Amino acid sequence: MGDQPFDTVLVVDFGAQYAQLIARRVREAHVYSEIVAPTITVAEVAARRPKGIIFSGGPKSVHVEGAPRIDPKIYETGVPILGICYGAQLMSLQLGGDVANTGRGEYGKTDLAVLGDGGLLFGTDQPRFQSVWMSHFDSITAVPEGFEILAATAEVPAAAFEHRERGLYGVQFHPEVVHTPYGNEILKHFLYEACGCRPTWTMSSIIEATVDAVRRQVGSGRAICGLSGGVDSAVAAALVHKAIGPQLTCVFVDTGLMRRGEGDQVVGTFRRNFGIELIHVRAAERFFERLRGVVDPEEKRKAIGELFIRVFEDAAGGVEDARFLVQGTLYPDVIESGTQHAAIIKSHHNVGGLPEDMEFELVEPLRALFKDEVRRVGEELGLPEEIVWRQPFPGPGLAVRIIGEVTPEKVATLQHADAIVREEIKKAGLEREVWQAFAVLPDIRSVGVMGDERTYAYPIIIRAVTSEDAMTADWARLPYELLERMSNRIINEVPGVNRVAYDVTSKPPGTIEWE
């Protein structure tokens, strides 16, 4: 949305997961943010016309070989810059200050003393002594010439500093995390006071700008939307339908890889409630045939992505002059699939798996949004709660929750187990508390005893996580009683399963999905 009428703040990603969290905090303050790489040039900054720049934290020391740097000319652009942790240390080092390994790092909750009037970052309503979250070993021991120290801790004499005339600010702590109680206020001071940003990044303004952009792109043409029934494709369809009305035809491809009963639910919901033209393509046999013998997860995703497009191309034969394809691609999809600003974590079938000879021009109205923003847009558009708050489901479906070759028999087993997991989560009233809860079928079998007889059957792995935007996630601490009910039901009700395990891995180091 770089060409949309929103003030923009660039977040320079120096590593770890800090940049994504900072970007979300900026957006929560109703200012649009984009994540960029440290390799961004002065010319690229000028082209994006940001109102401000934020340097994120990072895992490296500014003194190690290969530590990321920023072009020093960016400090001379006149664009206000806020450095956070590593970003503050880099700013200090590049502008003539001192950063040293004092042997006294700070980690976790730390007491901060605000000096004098606290400068621009600290409002008069903030206390002189406050708690902040630190995570650093190197320390800024001397600020560059002309900078004023705003705050200190017991170990760091320059925990915050500024050169207000140049619009340069730095904090050694992390204002973006919830453990810094006044962190949002500090960020807002930077955004509103230092940068002069307008808080116009709202759901209604996003909808208005997106609808205008879709109308400009599609014109009088016709578009097809790949409708899966998940929140992303549903909101994308609703946005595009608002923009071009009957020029949109939705295509629901029943891959055979959906959750139990989901295909019929999707078709019924959209035909009854939305009045959108919907083509129902039953393509399970084609997908199972394409996935026969495929075990590599990247190959699965790419195979499914390519076949999706081929099926859409076939369906387009019944839609006159359709040359646009609507997809529910999100900002995290783009980041994880690898761009010039990010390494590939995994290819998303709607980003990294698209064939080069695709006949459609893509329309991606959600490409700049995080998942929580998509849900709020959906609510603003009046989509029903069961659609807006449906748990995220991967584009390749159950294929990436089955380790190894995908077969109809394995899909049936996983559908049954997954339905039990979701039923029990709903009964426990935890649907809104967990980000995703689902079952995984690994490509192994284990020995068990059922009815005094030896069994050799599949295990089921239950995966449940909490998250805000899927960029990071923590494993959900489900009650033991709930896990026991799920385990008992799966073993007793799902044929061919004799063992249940619970995944207690966070993201990072793991991903939410197993493939």
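This is a predicted model: local features need pLDDT of at least 70, side-chain atom pairs count only at pLDDT 80 or more; totals for chains, interfaces and linings use all residues.
Helix α5, residues 203-218, packs against helix α11, residues 371-381, at an angle of about 85 degrees, and their axes are 9 Å apart. Angles of 65 to 115 degrees count as roughly perpendicular, so α5 and α11 are roughly perpendicular to each other. Who meets whom there? On the α5 side we have M203, S204, I206 and I207, and they meet E373, R376, V377, E380 and L381 of α11. Sorted by class, that contact has five nonpolar, one polar and three charged residues.

Now for a second pair. Helix α13, residues 408-427, packs with α14 at about 150 degrees, with 10 Å between the axes. Anything over 145 counts as roughly antiparallel, which makes α13 roughly antiparallel to α14. The crossing of α13 past α14 is right-handed. From α13, the residues in contact include H416, A417, I420 and V421, and among their partners in α14 are L482, R485, M486 and R489. The tally for this contact is seven nonpolar, one polar and six charged residues.

Let me stay with R489 for a moment, which sits in α14, residues 480-493. Leaving out residues up to four places away in sequence, R489 touches I420, E423, E424, K427 and V494. H174, by contrast, is 315 residues from R489 in sequence, and their C-alpha atoms are 44 Å apart.

Last stop, helix α9, residues 297-315. At 1.5 Å a residue, its 19 residues should span 27 Å, and the end C-alpha atoms are 27 Å apart, so the two agree. At the start of α9, a side-chain oxygen of D296 comes to within 3.1 Å of the backbone nitrogen of E298. Thanks, everyone!

Terms used. Residues are numbered from 1 along each chain as its sequence is written. Side-chain values use heavy atoms; hydrogens and water are left out. Axes are lines fitted to C-alpha atoms, for helices over the stretch in contact, and angles run from 0 to 180 degrees between N-to-C directions. Helices (H or I, at least four residues) and strands (E, at least two) are DSSP runs, numbered from the N terminus. Angles under 35 degrees count as roughly parallel, over 145 as roughly antiparallel, 65 to 115 as roughly perpendicular and the rest as oblique. Contact means heavy atoms within 4.5 Å. Ala, Val, Leu, Ile, Met, Phe, Trp, Tyr, Cys and Pro count as nonpolar, Asp, Glu, Lys and Arg as charged, and the others, Gly among them, as polar. The expected span of a helix is 1.5 Å times one less than its number of residues. A polar contact is a pair of N or O atoms within 3.5 Å; within protein, one must be able to donate a hydrogen and the other to accept it, and residues adjacent in sequence count only if both atoms are side-chain atoms. A crossing is left-handed if the near helix is turned anticlockwise from the far one by less than a right angle, and right-handed if clockwise.
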